[in-house]
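Colleague: I'm still new to reading models like this one. Could you take a close look at the aromatic rings for me and walk me through how they pair up?

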Amino acid sequence: MKFYNREQELELLLQTRDVAFNNHSQMTALTGRRRIGKTKLILKSCEKTPTVYLFVRRSNEATLCSQFAETVSHSLNTYVSSEVTSFVSLFESLMTIGKNLSFNLVIDEFQEFFYINPSIYSGIQDIWDRYKDTTHVNWIASGSVYTLMHKIFMDYKEPLYGRCDSIIKLKPFTTTVLKQILSDYHPNYTNDDLLALYTLTGGVPKYIELLLDKGCFTMKKMIDSVIQENSIFLEEGNVLLIQEFGKKYGNYYAILSAIASGNNTASGISEFIGNASVGGLLQRLEEDYEVIAKKRPILAKEGTQNVRYEITDNFLRFWFRYIVKHQDFVQAGLFTKLAEIVKADYPTYSGSTLERYFREQLREKQIYKNIGSWWETSKGKNVDQNEIDIIAISAESSKVFIAEVKRQRKNFKPELFQQKIETVRTRLFFKYEIETACLTLEDM
């Protein structure tokens, strides 16, 4: 797949490179979930300039350093002894080279040093502080384990805190870019094809590439590709999360399975996993791992108990709802039957994803200061009523956009929607000019 989007991130990386090459060394931390395109972006920013690319895998430090020394010697056409056993020593050699040569230094999966030898970080800090003002190294540290990368660079107790000149968190492609990519591969695509691609990939570049390169342009072909023997998607959730969660991943998996199954309140989640206490785990999933988000009715006070949780990543949402839930089908090799289950449920499941799509589309317009949904719970009952799918409050005027989302317009009930509008007008927006719409597949 060709290089798409990332104009802002690429421009920042190029500006940083120019400062490093022409003034003094720069440090950039680049984070983002697995498969998001970090390495591709970094290498794009390093094109046609001297570059050392080091990939940190969990191994013996001396063995890694010996391999790294050979890479450095070859990449910079210089000599670095392969007998070096300490990464800190190798890093000092690289910074020394940077006194006379401008080059990019890319250290991928930088957080893995935490498992190899955590003291490496304090050693790097010492060398960086001593050399950065007299050298020309454009150092980019990249990593997929968000919690560790955040700890390394943004925890004030850690050695590299405050050293970064730039911190970039790479996000999935926008809906606009997703449409552009699908159009390039399949100009005659339907909006249902687009929704299926968004539902399964959430805009993650590698997932998009894996599906479209195989000619999977429709919902059925995409699902068949995801759910087949030896598909990388079957284990992808485990690869993404176990490294983040560690040995106690079981509790987190249970919570995410509950949310994916529709049990999205604290009480519903607790009941789903056996009436266990979930408050602390939910907080960590939201604040530390950023895997879930807390949703309140729009304009609700921070302390309201009327809270729902959602999985923020579209692929993980799909993976927990179908792959984890039906792991017995996967283990038995019943991939065709599992694909049939997913396809049968897809019209219902994709309806909620369509809401997410339109909320994201509204955010991309950058004209609304608050975008969410609204509902109220009946007194004495845990029953939601008067629910409105999308409410977007203008950033520049007293206007609000309120929408109902349906896959097909024939399922829209104007009278019921108008009743909800009047309720929310009375509760929240009696001073606002209200614009309303029914958003369907046709509006994507």
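**A close look at the aromatic rings**

Modeller: Let's begin with Tyr207 and Phe315, which are both buried. Buried means under 20% relative accessible area, while exposed means over 50% and partly exposed is in between, using a 1.4 Å probe and protein chains only. Keep in mind that this is a predicted model, where local features need pLDDT of at least 70 and side-chain atom pairs count only at pLDDT 80 or more, though totals for chains, interfaces and linings use all residues. Residues are numbered from 1 along each chain as its sequence is written, and side-chain values use heavy atoms, with hydrogens and water left out.

Now, the pairs. Rings of Phe, Tyr and Trp (its six-membered ring) pair if their centres lie within 6.5 Å; planes under 30 degrees apart make the pair stacked, over 60 edge-to-face, and the rest are tilted. By that rule, the structure has 28 aromatic pairs. Take Tyr198 and Tyr357: their ring centres are 5.3 Å apart and their planes stand at 85 degrees, so this pair is edge-to-face. It connects distant parts of the chain, with Tyr198 in helix α9 (residues 191-201) and Tyr357 in helix α18 (residues 335-365), 159 residues apart. Helices here are DSSP runs (H or I, at least four residues), strands are E runs of at least two, and both are numbered from the N terminus. Tyr198 counts as buried because its relative accessibility is 9%, and Tyr357 does too, because its value is 0%.

Back to our opening two: Tyr207 and Phe315 make a tilted pair, 4.9 Å centre to centre with 45 degrees between the planes. Tyr207 is in helix α10 (residues 205-212) and Phe315 in helix α16 (residues 314-324), so this pair ties together parts that are 108 residues apart in sequence.

Rings can also gather in a group. One aromatic cluster is formed by Phe68, Phe87, Phe91, Phe110, Phe113, Tyr121, Trp128, Trp139 and Phe153.

Finally, rings can have a charge as a partner. A charge sits over a ring if NZ of Lys or CZ of Arg is within 6 Å of the ring centre and within 35 degrees of the ring normal. Lys169 does this over the face of Tyr146, 4.2 Å from the ring centre. Arg308 has its charged end over the ring of Trp375, at 3.8 Å from the centre.
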